[in-house]
Amino acid sequence: LLQTFATVLREMNLFPDEIQREVDQALPLVATTSLLTEAVKRGLGREEAHGIIQLHSLRSIEASKVGGQSSFVHDLGNDTNFPMNVDEIQQLINMIQFGPQAAKEQTEKVVERIEWTLATSSLDVHTWDEIR
């Protein structure tokens, strides 16, 4: 399995600009639960907050389906019925993206486990060095 995985990684093509575009469009939508929680903390009813967030997220998804840019943060932050402005929403999203750095820690643990597995098995260690 590890040798197959190594082949996939070695032959995989990455497109950093496309990845960043996807992150920029998707991350705000991933943050909707945190936005809902924060809106409720600020006094907005849960159902009302959910409805507002859902409205703007669905509009954003529809816009991206036809090649448009996501305006979720802008639209939600400028909705007078929502208790957070654009800067506050962006700050919350940034905290999710850059705060805990869980993905980095998880990746480091996976790398450690792979290195341990290679050290204790008969797999070709040279392959791992190539893809790392």
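Let me start with one word: a contact means heavy atoms within 4.5 Å. Keep that in mind, everyone, and let's look at the chain together.

This is a predicted model, where local features need pLDDT of at least 70, side-chain atom pairs count only at pLDDT 80 or more, and totals for chains, interfaces and linings use all residues. Residues are numbered from 1 along each chain as its sequence is written, and side-chain values use heavy atoms, leaving out hydrogens and water.

How confident is the predictor? pLDDT is its confidence in each residue, from 0 to 100. The chain has a mean pLDDT of 84, with 86% of its residues at 70 or more.

Now the overall layout. The chain has eight helices and zero strands; helices (H or I, at least four residues) and strands (E, at least two) are DSSP runs, numbered from the N terminus. Of the 132 residues, 23% count as buried. Buried means under 20% relative accessible area, exposed over 50%, and partly exposed in between, with a 1.4 Å probe and protein chains only.

Let's zoom in on α4, residues 46–65. This helix has 20 residues and reaches 28 Å from its first C-alpha to its last, close to the 28 Å expected at 1.5 Å a residue. That expected span is 1.5 Å times one less than the number of residues.

Which residues of α4 are buried? They are A49, I52, I53, H56, S57 and S60. Because they cover an arc of only 120° around the axis, they sit on the same side of α4; the arc is that of the directions from the helix axis to the C-beta atoms. On the other side of α4, E47 and K65 are exposed. And what do the buried residues of α4 pack against? Their partners are α2 (16–30), α3 (32–41) and α5 (72–77). Just after α4, G67 takes a positive phi of about 90°.

Last stop, the core. A nonpolar core is a set of buried Ala, Val, Leu, Ile, Met, Phe, Trp, Tyr and Cys residues joined through side-chain atoms within 4.5 Å. The largest one here has 17 residues, and L35, I53, L76, F82 and I89 touch the most other members. At least two residues of this core come from each of α3, α4, α5 and α6 (86–98). Leaving aside residues up to four places away in sequence, F82 touches L35, A39, L44, I52, I53, L76 and I89.

Note on methods:
pLDDT = per-residue confidence, 0-100.
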